[in-house]
Amino acid sequence: MMTRLALVSESAKTAPLSTVAPSPASAPVAGLPGGETPRLLVIDGHSMAFRAFYALPPENFATDTGQHTNAVHGFTSMLLTMIRQQKPTHVVVAFDLDTPTFRSLEYTEYKGGRNKTPEEFYGQIDLIIKVMAAMRIPTISVDGFEADDIIATLSTQGEEAGWDVLVVSGDRDAFQLITDKVLVLYPKKGISDIPPMDADAVEAKYLVPPNRYSDLAALVGETADNLPGVPGVGPKTAAKWLKLYGSLDGILENLDAIGGKVGESLRTHVEDVKRNRRLNHLLRDMELPVAITDTVLQAPDREAVEELFDALQFNTLRKRLFDLFGEEEAVDAGEAHQVPAHQVVTEAAALATWLAAGPAAGAAGAAVAVEVLSEKAGLAHEAVAVALVRADSAVVVDLGAADAALESELAVWLASDAPKVIHEYKEAFKALSLRGLAVAGVVDDTSLSGYLIQPDRRSYELAELSQVHLKVSFEAAATESGQLDLGLEGDSKFADAVQRGYVALLLSEHFAPILVERGAERLLHELELPLAGILATMELTGIDISQERLATLLADFTAAMNAAQEAAFAAIGHEVNLGSPKQLQQVLFEELGLPKTKKIKTGYTTDAASLKMLLEKTGHEFLAQLMAHREASKLKQMVETLKKSVAEDGRIHTTYAQNVAATGRLSSINPNLQNIPIRTEEGRRVRDIFVVSEGYECLLAADYSQIEMRIMAHLSEDAGLIEAYALGEDLHRYVGSHVFGVAPEEVTSAMRSKVKAMSYGLAYGLTSFGLSKQLEISVDEARTLVKDYFDRFGGVRDYLRGVVEQARVDGYTSTIEGRRRYLPDLASTDRQLRELAERVALNSPIQGSAADIIKAAMLGVDAALRKQELKSRMLLQVHDELILEIWPGELDAVKALVIEQMGAAAELKVPLEVQVGVGASWNDAGH
């Protein structure tokens, strides 16, 4: 049950914050009586899932793991619309099974001839069922029967109970169910145009009432079910006979009275007609595992929805769902949490008194939540007020009104070891830092602890975490001007800050035992929290940019793009919009007659991978220039983004996210510095615009050599890999010599490239088929390559097998440092979902361990710089690389400490090799 958060203040005892109200509902379908009559919504699961699949392009709906979700998204969207518009009191979904039904056993051609199910559809029915479970909507399947029979039985039960029934189905067989109490919502186009079919609508279209529709279908046949009708008999003829003789039985009793060729045709195919009638007639008296009274519409399981929608990456749908069910979430006033009263302190003595009144450090509840209010100030947001919150009281320091003594009292406490809880500590660190205030003693950042507990979530906003973990809903009210207004006398913005701090305290208390149970407490306190402060400093510092080089690069990429465009036009003799898939399809497949690529809803795909294959196959100049134009356009866009990101101080200040990548890796955003090409000439030119600041000597770039393969050697304990690293061999040449059975010096560059691709690929679940495509060799050769590799390096084979099996037992994978990633789909009955989870299980320990190691290295480097009182500073972390700016005279000392600290960041069975380069730019410092 969702509880409410209430505010207590001097001016208002309670000011409850209510949950979001649902969107206004559209009018119910005409013809259904309103009032208190129960309304049952019955959905044909497979029918609507397929409609959704074909309505939304698969390529636009896929998770990071590659699972297509267009059918799931479309189905869920349709369902939410139905619930909003029709206001059902009860909802149930019926699904077919893959097992034979009594119809297919009688007639083996039943539903034969249907197109093969698209690969992208596989796994999506299971996901829809999971969504229904999270929404607490029952789903029904019965072995040997179709969903249509389940729907017919539910409709009959509902009608007999006096309920109104809505059937949502794209199967015309459902028309036979229509009565005064039962309507069918039949999709005309996709999943958005689903008008109601009542008795009048059926008769207007098919010339027979609903109770005679199955008779009509028996005569004319049903293409979708592969039931052939009587040759020469169409709907009009069949309807005329039914009107004349009353029913199909009446027609069959008067066969001899029907003359002409159609009469003869009917008599010839009378057994087909009888069979059709047996097969298209829906059962209405099945024994079902769910009673209609058990289908009452309930509020969703918020935690289950959050977890599932995170995995599916359904952010918009999540909001729609929770908005829709806002009213359904009962709020128990007796369970409302009471936000403590607060006072705005204006004197140092008052703050000191409040701080002294709290429990002693180390006692239960000793931590204070710190909530920082900030305003945009130049490069970042500067603190303007600080709220300090305990469970029973709170104070606010308005920095704009505070005198020197009060701000000093606050500064001393913030910099002390007194335990503090801060949601989004890194942002608070920066805001306080710009005000000249340091913060220490942070024992929890609930955005980070929430991430360590559940690393696959898409958001760690305070309100979301509160709803998911505490079942507490809070939302600040707002006036038309956008200012916070909770009805409190003049201090509403402070009341909101106090509320947030109180929620952070509740969350921290809730998370504490979970962190211990999941082995994440040490990661939080010894890795993520200390790192947040270092990242905040790096973000504030930024890195200098050469405006001249930036301008030159932008001009060069623009010129390259324009040149490629003109050459593309010349290749076909006219202009075309190179960014328009429709125009490209016309040029490539109609005008030039090139081989067709993969069929999609809008024609044939013009994505990069398909065009690359087409270029390799045809060598057409237009394709070559189109690809060159795309590459130059992408680089130009990247440089334009960098240009827009240059701040007033002439530097770029990227933002690092610690809780985005589920593996534990840092993400770089605004701008993203991790997407600059690493080994291309263009990438090197982009890196060349990042330069050393005036007054500093140079930039130093340090990165790990083959860190992921070294982690593989450590985890697999493979003797061959360990020996290669111990001897300082070129790993890929060493592996190549063993796989191909030649001396190391005889390993060619092609051999080395193959084993390199295979070594990294196997750690990420690369199959023989995938390897064959990557290396452009046959599947048999790839399979042999893998076999030879595993024959020589059995430890790797055993590890890769064992890590998945252990994860299946544990339910999660773990890095060397104990960072867990939970993988419930390892137990899925859906092969595609299970295999995706297996690939994640393979790479998460390796990627995650690499992430932990570079983070530990950053802590070590930072501590060493401070210990030696050096002025050099860390600027960037990109993948496995650190960029530092060197103060004059400190190069040797910094180079030594970087190599030492990065090398000591983890104790592996193989050495961590660190490569270091220096130069005036990031590119020059590369190696």
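This is a predicted model: local features need pLDDT of at least 70, side-chain atom pairs count only at pLDDT 80 or more; totals for chains, interfaces and linings use all residues.
# Helix pairs, sheets and a cavity

Residues are numbered from 1 along each chain as its sequence is written, and side-chain values use heavy atoms, with hydrogens and water left out.

Helices (H or I, at least four residues) and strands (E, at least two) are DSSP runs, numbered from the N terminus. Axes are lines fitted to C-alpha atoms, for helices over the stretch in contact, and angles run from 0 to 180 degrees between N-to-C directions.

| Helix pair | Axes come | Crossing angle |
|---|---|---|
| helix 26 (residues 707-716) and helix 27 (residues 719-726) | within 8 Å | roughly 130° |
| helix 21 (residues 547-572) and helix 24 (residues 621-645) | within 8 Å | roughly 160° |

Helix 21 and helix 24 are therefore roughly antiparallel to each other. Their crossing is left-handed (the near helix is turned anticlockwise from the far one by less than a right angle; clockwise would be right-handed). The contact of helix 21 with helix 24 comprises 16 nonpolar, 5 polar and 4 charged residues. In this classification Ala, Val, Leu, Ile, Met, Phe, Trp, Tyr, Cys and Pro are nonpolar, Asp, Glu, Lys and Arg are charged, and the others, Gly among them, are polar. The crossing of helix 26 and helix 27 is likewise left-handed.

**Sheets**

Two strands pair if DSSP finds at least two bridges between them. An open sheet of 4 strands, paired antiparallel, has the order 28-29-25-30. Strand 28 (873-878) and strand 30 (914-919) each have a single partner strand, so one side of each of these edge strands lacks a neighbour in the sheet. From one strand to the next, the twist averages 20°. Strand 25 (residues 698-704) runs antiparallel to strand 30 and is joined to it by 6 bridges; Val916 in strand 30 is the bridge partner of Ala702.

Strand 18 (residues 543-545) and strand 21 run antiparallel and are joined by 2 bridges, and Asp544 stands opposite Arg651 in strand 21.

**Backbone exceptions**

Most residues other than glycine have a negative phi, and most peptide bonds are trans. Asn670 and Pro671 are joined by a cis peptide bond, with omega about 0°. Pro671 belongs to the loop between strand 23 (667-669) and helix 25 (681-687). Glu869, although not a glycine, has a positive phi of about 55°, and lies in the loop between helix 33 and strand 28.

**The largest cavity**

The whole structure holds 3 cavities of 30 Å³ or more. On a 1 Å grid over the protein atoms alone, a cavity is a set of points where a 1.4 Å probe fits but cannot get out, and lining residues have an atom within 4 Å of a point. Grid points are joined across faces, edges and corners, and a volume is the space filled by probe spheres set on the points.

The largest cavity contains about 50 Å³ of space. Its lining includes Ala662, Thr663, Arg819, Arg820, Arg821 and Pro845, and by class has 2 nonpolar, 6 polar and 3 charged residues. Strand 26 (812-814), strand 27 (820-822) and helix 33 (831-867) each supply at least two lining residues, with helix 33 giving the most, 3 residues.

Notes: On a 1 Å grid over the protein atoms alone, a cavity is a set of points where a 1.4 Å probe fits but cannot get out, and a pocket is an open set with protein on both sides within 12 Å along at least five of seven lines; lining residues have an atom within 4 Å of a point. Angles under 35 degrees count as roughly parallel, over 145 as roughly antiparallel, 65 to 115 as roughly perpendicular and the rest as oblique.
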